[in-house]
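Visitor: I would like to learn how to read the charged pairs in a structure, step by step.

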Amino acid sequence: MGYKIAIMGTGAVGAYAGAHMARAGEDITFIDPWPANVETMKAKGLKVSHIRDVPEWSTPVRALHLTELQQAAKEKPFDIAFVCMKSYDTEWATVMISQYLAPAGFIVSLQNCMNEETIAGVVGWGKVVGCIASSITVDLCEPGHVRRAAGKSGDKHTVFRTGEVHGRITERVQEIRRLVALTDSALATTNLWGERWSKLVTNAMANGMSASTGLISKDILRDNTLRRFGARLGSEAIRVGQALGYELEDVHHIDPEVIAKAGEGDPAAAREYDEHRLEEVSKAGGGEHRPSMGQDMVKGRRTEIDFLNGFIVRKGEEIGLPTPANAALTDIVKRVEKGELQPDPKHLIDLRLN
C-alpha cells in the first residue's frame with residue numbers, strides 16, 4: 001500500500017483490473033479519452049459484472065479526462081502507471097503519463113501485443129515492466145461498466161503474468177503481481193518474452209478471425225474450416241516465435257508444438273487440437289465471448305491487426321519465414337475495417353493458400 005497509481009486507458013482490461021484495485025483501497029486514478037466513460041465513472045463509479053458465479057458490484061473511483069490530467073502536476077506524482085491503451089496509442093499515452101511519473105516510478109504495459117519496446121523508447125528500459133492478461137475475456141459493454149464473459153479463473157488458470165524485461169524477479173514485479181492478484185490469479189514470471197509471444201499467438205488465432213467473420217469464438221471453433229485456419233495462424237506464429245528464440249508457454253492450454261504441427265497438417269496433432277478446442281466450446285458459457293478485435297469491428301473502431309497478425313508477418317519477413325495465413329488475414333481485416341468488405345465467414349472459408 002502507499003503507491004499512487006495511474007490507469008492510462010480505462011478500456012476493458014484497465015477498467016476490470018483497476019476497479020478491483022480501487023475497491024481494495026489502492027490509490028488509483030483512471031485517465032481515459034472516451035468522455036462518456038469518464039463522466040459515468042465520475043458520477044457512478046465503475047460497475048463490474050460476470051457471466052457467472054460473481055455478483056455484480058460497483059466501486060467509486062477517481063477519473064480524469066485527458067484534458068484534466070495536467071492537474072496532476074500540482075499533486076504527488078504517480079509511482080506506477082499502467083498503460084492499458086490500444087497498441088497504436090501506446091507511444092503518445094506513454095509520453096503523456098510519463099510527465100507525471102515519480103523519479104523512481106515506472107510504467108507497466110497491461111496490453112495485448114508487444115509494446116514494451118515502444119514504452120522503453122519513451123522512458124528507457126529501466127522503467128518498463130510487462131504484464132499479460134491471459135484468457136481474461138472482458139469487454140467494456142457501456143460507459144463505466146466492464147463485463148467478464150466468465151467467472152473468476154482462480155486455481156483453474158493463471159490470468160496475470162508479470163515480469164521484468166531482463167527476466168529477474170524484483171520487488172516491483174512482486175508488487176505488480178500483488179496488485180493484479182486483487183483481480184484474479186497472478187504470478188511473477190522469469191519468462192516475460194515467452195509469455196508475451198504466447199499471448200500474441202493466442203490473440204492471433206482468434207481476434208482477426210472474429211473481426212473478419214463477425215462471429216463469436218464458439219461459432220468459429222465449431223466450423224471445421226475456420227478452426228483449422230486458426231491452427232494455421234497459430235502454427236506460423238509459433239514457428240516465428242521459436243525462430244526468434246522465445247521459450248513459449250501453453251497456448252489455449254495446449255502445448256504450442258501440438259498447435260504448430262496441427263497447422264502444418266500432422267494428422268495426430270490435428271486430432272488432438274480439434275478435440276481440445278471443441279471441448280472448450282462444449283462447456284457452459286464456452287466460447288460465448290467476442291474477442292477484442294471483433295468488439296472493435298462491431299463498434300466501428302480501429303483494430304490492432306497491424307500489431308498482432310501484421311506484427312507476426314513482419315517478424316517472419318525479418319528472419320525469412322513465410323507467414324501466408326497471417327498475411328492474408330491481415331489484408332482481409334484491413335479491408336473489412338475500411339468498409340471495402342462486410343464481415344463474413346466466406347472471406348476465410350473460401351481462402352486458398354499455397
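**Reading the salt bridges**

Guide: Asp296 counts as buried, at 1% relative accessibility, where buried means under 20% relative accessible area, exposed over 50% and partly exposed in between, with a 1.4 Å probe and protein chains only. This is a predicted model, in which local features need pLDDT of at least 70, side-chain atom pairs count only at pLDDT 80 or more, and totals for chains, interfaces and linings use all residues. Residues are numbered from 1 along each chain as its sequence is written, and side-chain values use heavy atoms, leaving out hydrogens and water.

Visitor: Which residue forms a salt bridge with Asp296?

Guide: Side chains of opposite charge can pair when their charged atoms come close. A salt bridge here is a side-chain nitrogen of Lys or Arg within 4 Å of a carboxyl oxygen of Asp or Glu. The partner of Asp296 is Lys86, with the closest N and O atoms 2.8 Å apart. Because Lys86 lies in the loop between β6 (78-83) and α3 (90-98) and Asp296 in helix α12 (residues 292-298), the pair ties together parts that are 210 residues apart in sequence; helices (H or I, at least four residues) and strands (E, at least two) are DSSP runs, numbered from the N terminus.

Visitor: How many salt bridges are there in the whole structure?

Guide: The search finds 26. In one of them, the side chains of Arg52 and Asp53 meet at 3.5 Å, N to O; Arg52 is partly exposed, at 35% relative accessible area, whereas Asp53 is exposed, at 67%.

Visitor: Which residues are linked in a network of salt bridges?

Guide: Lys4, Arg62 and Glu75 are linked in this way.
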